[in-house]
Amino acid sequence: MTMEPVPSPLAHRVPDLGSLELLLAVARLGSLGRAARELGITQPAASGRLRGMERLLGVALVERSPRGSRLTDAGVLVTDWARRIVEAAEAFDAGAQALRGRRDSRLRVAASMTIAEYLLPGWLIALRTERPGTAVSLLAGNSTAVAERLLAAEADLGFVEGLDVPAGLDGAVIGHDRLVVVTAPGHPWARRRAPLTAGELAATPLILRERGSGTRQVLDAALAAHGGLSEPLLELASTTAAKAAAVSGAGPSVLSELAIGEELAARRLVEIPVTDLPLQRTLRAVWPRGHRPTGPARDLLGLTR
């Protein structure tokens with residue numbers, strides 16, 4: 001039984017778009033030199049491209065003389081086919097531009113509360129300068145909620161604070177933050193001379209962020225070796241709410257350093273030193289695994305650096 005020969009790929013049998021555009025320009029202008037200038041290439045490069053196309057097709061396409069360049073009979077036929085291919089490519093390009101325009105007209109961002117409240121506004125103002133036509137929507141929640149939004153294709157780019165990149169996502173470090181133990185000035189801890197121990201902190205009911213937040217993840221991990229956190233005094237869904245409760249004197253809290261600079265400077269809150277307790281955390285941009293940000297999401301990611 002004889003085997004049918006396997007044809008070579010179409011790309012190896014059909015001239016590339018640049019060569020077809022050159023042939024159309026020669027047909028329209030009657031000169032290889034003028035065609036080369038219109039396309040922004042040198043005449044030797046144009047001659048080489050034309051010879052390559054003739055070798056590929058196995059026919060002469062252009063007759064060259066001191067008076068100019070004239071299509072052969074085969075060249076006229078190939079030029080007609082080339083025109084249809086180039087027109088189809090132009091339609092393809094217009095459609096791709098429309099898709100990019102639709103993609104670039106909106107950006108859906110999901111961010112954990114601290115980043116959403118204290119960092120993202122500045123980045124979005126800078127993005128507006130670069131992309132004034134892009135409409136941005138912001139979904140704020142804890143780090144777990146951000147990951148869920150991205151995995152459900154409800155956001156294009158996310159920002160989280162925590163220990164690791166959430167499962168199913170890729171990420172890039174954009175900064176670091178420190179968690180700080182704070183109280184109102186009237187709290188007994190504010191009058192201590194000795195630093196607080198990790199065990200004392202673990203044993204004290206605190207004003208805390210909810211489970212799933214980056215703040216809570218870092219604090220849980222840091223105190224795991226000291227018996228874990230006590231039952232919360234209050235469990236609140238935003239940094240702003242936890243900060244307000246601490247300022248009111250409701251009890252001690254552990255908050256992002258990013259969020260409390262003004263309160264510390266005005267002594268509405270007091271930082272309480274703690275011995276031997278690492279409370280550093282990493283801030284990350286995240287996106288679905290294998291789908292590197294493009295368009296406005298890529299630009300916003302660049303602004304965070």
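**Figure 1. Contacts of isoleucine 174 in the predicted model.** Apart from neighbours within four places in sequence, isoleucine 174 is in contact with Trp123, Phe159, Leu283, Arg284, Ala285, Leu301, Thr304 and Arg305. The model shown here and in the following views is predicted. Isoleucine 174 belongs to strand β6, which comprises residues 169–183. With a relative accessible area of 15%, isoleucine 174 is buried. The C-alpha atoms of isoleucine 174 and threonine 282 are 7.9 Å apart in space, although 108 residues separate the two in sequence.

**Figure 2. Burial along helix α12.** Helix α12 is formed by residues 295–304 and is mostly covered, seven of its 10 residues being buried. The buried residues are Gly295, Pro296, Ala297, Asp299, Leu300, Leu301 and Thr304.

Figure 3. Arginine 108 is located in β3, a strand running over residues 106–112. Its relative accessibility is 19%; the cut-off for burial is under 20%, so arginine 108 counts as buried. Through its side chain, arginine 108 reaches the backbone oxygen of alanine 153 at 3.1 Å. Once neighbours within four places in sequence are set aside, the residues in contact with arginine 108 are Ser137, Ala153, Glu154, Ala155, Asp156 and Leu157.

Figure 4. Alanine 153, whose backbone oxygen is reached by the side chain of arginine 108, is not a glycine, yet it has a positive phi of about 60°. This alanine 153 sits in the loop that joins α7 (143–151) to β5 (157–162). Alanine 153 counts as exposed, with a relative accessibility of 54%. Arginine 267 is likewise not a glycine and has a positive phi of about 60°. The loop holding arginine 267 lies between α11 (261–265) and β10 (270–271). At a relative accessibility of 54%, arginine 267 counts as exposed.

Figure 5. Serine 238 is placed in the loop between β8 (234–236) and α10 (239–247). The relative accessible area of serine 238 is 16%, and the residue is therefore buried. A polar atom of the serine 238 side chain lies 3.0 Å from the backbone nitrogen of alanine 241. Beyond residues up to four places away in sequence, serine 238 touches Met113 and Arg209.

**Figure 6. The whole chain as context for the close-up views.** The protein contains 12 helices and 11 strands. Its radius of gyration is 32 Å, well over the 19 Å given by the globule rule for 305 residues, so the protein is more spread out than a compact globule. The C-alpha trace spans about 100 × 55 × 30 Å along the principal axes. Of the 305 residues, 42% count as buried. Among contacts between residues at least 6 apart in sequence, 73% join residues at least 24 apart. The protein exposes about 16200 Å², of which carbon and sulfur atoms supply 55%. There are 36 positive and 32 negative side chains, and the centres of these two sets lie 5 Å apart.

Definitions and conventions: Residues numbered from 1 in each chain as written. Predicted model: local features only at pLDDT ≥ 70, side-chain atom pairs only at ≥ 80, totals over all residues. Heavy atoms only, no water. Helix = DSSP H or I, 4+ residues; strand = E, 2+ residues; numbered from the N terminus. Rg over C-alpha atoms; globule rule 2.2 N^0.38 Å. Buried < 20%, exposed > 50% of the residue type's maximum accessible area, 1.4 Å probe, protein only. Contact = heavy atoms within 4.5 Å. Areas by Shrake-Rupley, 256 points an atom, 1.4 Å probe, with all protein chains shown as cover. Lys, Arg positive; Asp, Glu negative; His and termini not counted. Charge placed at Lys NZ, Arg CZ, Asp CG, Glu CD. Polar contact = N/O pair within 3.5 Å; in protein donor to acceptor, adjacent residues only side chain to side chain.
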